[in-house]
Amino acid sequence: MVTLRIILGDQLSQNISSLSDFDSEQDHILMAEVMAEATYVPHHQKKLVFVFSAMRHFAAQLQAQNYQITYIKLEDPNNSQSLTTEVQRWCSAYSPSKIIITESGEYRVQEFIKSWQDLLHIPVEIRADNRFLCTLEEFMQWADGKKQLRMEFFYRQMRKKHQLLMTADGLPEGGSWNFDKENRKPPKKAMSFPNRLSFPADLLTQEVITMVKKRANHHFGDIEPFDYALNNIQAAETFKYFLEHCLANFGNYQDAMLMGEPFLYHSVISLYLNVGLLDPLDCCLKAQNAYQQQKAPLNAVEGFIRQILGWREFIRGIYWLKMPTYKQLNHLQVNRALPEFYWSAQTKMNCLHQVILQTRQNAYSHHIQRLMITGNFALLAGLDPQEVSNWYLAVYADAYEWVELPNTMGMALYADGGIVGSKPYAASGKYIKRMSNFCTDCQYDSQETIGEKACPFNFLYWYFLEKNQNLLASNPRMTNIYATLKRMDRSKIEIIQNQANNFLDNLNF
Ligand SMILES: Cc1cc2nc3c(=O)[nH]c(=O)nc-3n(C[C@H](O)[C@H](O)[C@H](O)COP(=O)(O)OP(=O)(O)OC[C@H]3O[C@@H](n4cnc5c(N)ncnc54)[C@H](O)[C@@H]3O)c2cc1C
Ligand code: SF4
């Protein structure tokens, strides 16, 4: 009897647990493109092309190796456009004896997979996702009984477990676990960046582009030019290029932002890691190798490995530890609607204009742009966490709920009250001025806090601190800033409050 193996759109790895004991005589693979998954948020058009085309390339790769596979395209006339119904349809036609699937990265999907056994009356084996460096059981054990969950301590444990950047004596390479202090350099005036590898759309991708244009042209984002990697070989080339041309400078300028330079020295691999075209441990080992061969300094390599081994795994652990309630959290009790300019990029604030424009073009922006520009504004303006979260989930090619949600709710919006970060990442325009060249082309003045020319990030920053005093002033990491607020003239605070309220009332004009 046939065993049905199901591969989801972000499970495009041949060594995934659901394929580990594939029997070419007996087993069959099902992959399906469905509208329900393409539209539950209005995903960026480039993201849709990336996922569907990567799925089709993966299926073709499996077919070439004689795997038996049914691939249901979005435009197939019998496609019911729901994953559960497509599985049901296949099972009714071929009566498999068993279904094997790797757990989904998303709580919502995992819940409906769990319902299949009762619904279909077929045993369903859900296997752990073997593409992470920390199992969920291991994370739960680490988190158990801890009052505070801090990435830094989790990361140290992971460094020891995987023996990454460790000396023979069991100490961290270079005598420190973290070199972040060296990784906050502002951009220099004249900087040049390596060109990125580009993979022109092949026939298969052109077909997907035509399909997405037909079905989702009302979604956010530019579909073309499309040149992301679409299989594991191209993704590996992209990563190799990063190691050779960008890694050495990755650390120093990790937080810098520049107009017209969306990628700087970043790796731009999250979209490949998250669908399984790259393996996280392999990336960490190759980065470590670059350090050992003296091709990149320790601050860069440690910083890069920490993002993958530390942040990425920590964020996933938090998601599964705290869902489903995590999604509803709203610690600061805010509910302002997402302004229209998050979609249109039409705003006089040049930093937001530039970042949203890059997002529209590339379905990408780097971490500090997400955290300190779009995220910081949403935090200061008190935008509704669910609306903001849906925006992040829609607009980035790497966005899946397990990684997007804790980054948005926890790191950017402090909606989780301090589960992910120990304090809100709130910053005024002075930070943005220091770390970017956005302010040089802006109608607002980053030095001004009140008045017509005042940078909105400046007055919103003080407005935010004043408004959330009851919730934040007792945080030891905010003592200094609240002491400054306390010294501020009351009349100045009132002017700031009026200016902020007036600005926020007119966000869409
Ligand atoms: C509000 C907000 C939303 C985010 N949403 C997503 C998302 O949906 N998907 C996503 O993959 N990342 C998300 N991130 C994390 C991070 O911004 C992206 O992983 C990173 O910008 C991807 O670009 P890169 O590949 O060039 O990363 P690099 O800067 O080159 O870093 C290397 C890798 O480290 C990992 N990484 C770095 N920081 C994080 C982090 N905080 N959480 C998880 N992984 C991390 C990524 O896999 C990344 O590819 C979000 C961050 C914020 C602040
Ligand atoms: S002046 Fe303010 S709004 Fe303008 S780019 Fe700078 S930080 Fe952004």
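**Close-up 1. Helix 20 packs against helix 22 in this predicted model.** Helix 20 spans residues 456–467 and helix 22 spans residues 479–487. Their axes lie 11 Å apart and cross at an angle of about 100°. Angles of 65 to 115 degrees count as roughly perpendicular, so helix 20 is roughly perpendicular to helix 22. Helix 20 brings Trp 462, Leu 465 and Glu 466 to the contact. Helix 22 meets them with Ile 481, Tyr 482 and Leu 485. By class, the contact has five nonpolar residues, one charged and no polar.

**Close-up 2. Domain 2 meets domain 3.** The protein is divided into domain 1 (3–127), domain 2 (136–193 + 246–322) and domain 3 (341–505). The centres of domain 2 and domain 3, taken over C-alpha atoms, are separated by 24 Å. In this contact, 21 residues of domain 2 touch 25 residues of domain 3. On the domain 2 side, helix 11 and helix 13 are the elements that give two or more residues. Helix 13 gives the most, with six residues. That side of domain 2 holds 14 nonpolar, three polar and four charged residues.

Close-up 3. Of the 28 residues around ligand 1, the nearest are His 266, Ser 267, Ser 270, Gln 307 and Glu 404. Elements giving two or more residues to this shell are helix 11 (270–275), helix 13 (298–322), helix 16 (367–381) and helix 18 (401–412). The shell around ligand 1 has 14 nonpolar, ten polar and four charged residues.

How values were computed. Residues numbered from 1 in each chain as written. Chains lettered and ligands numbered in written order. Predicted model: local features only at pLDDT ≥ 70, side-chain atom pairs only at ≥ 80, totals over all residues. Near = placed C-beta within 6 Å. Helix = DSSP H or I, 4+ residues; strand = E, 2+ residues; numbered from the N terminus. Nonpolar A, V, L, I, M, F, W, Y, C, P; charged D, E, K, R; others polar. Axes fitted to C-alpha atoms, helices over the stretch in contact; angles between N-to-C directions. Parallel < 35°, antiparallel > 145°, perpendicular 65-115°, else oblique. Contact = placed C-beta atoms within 7 Å. Domains from an automatic or database assignment.
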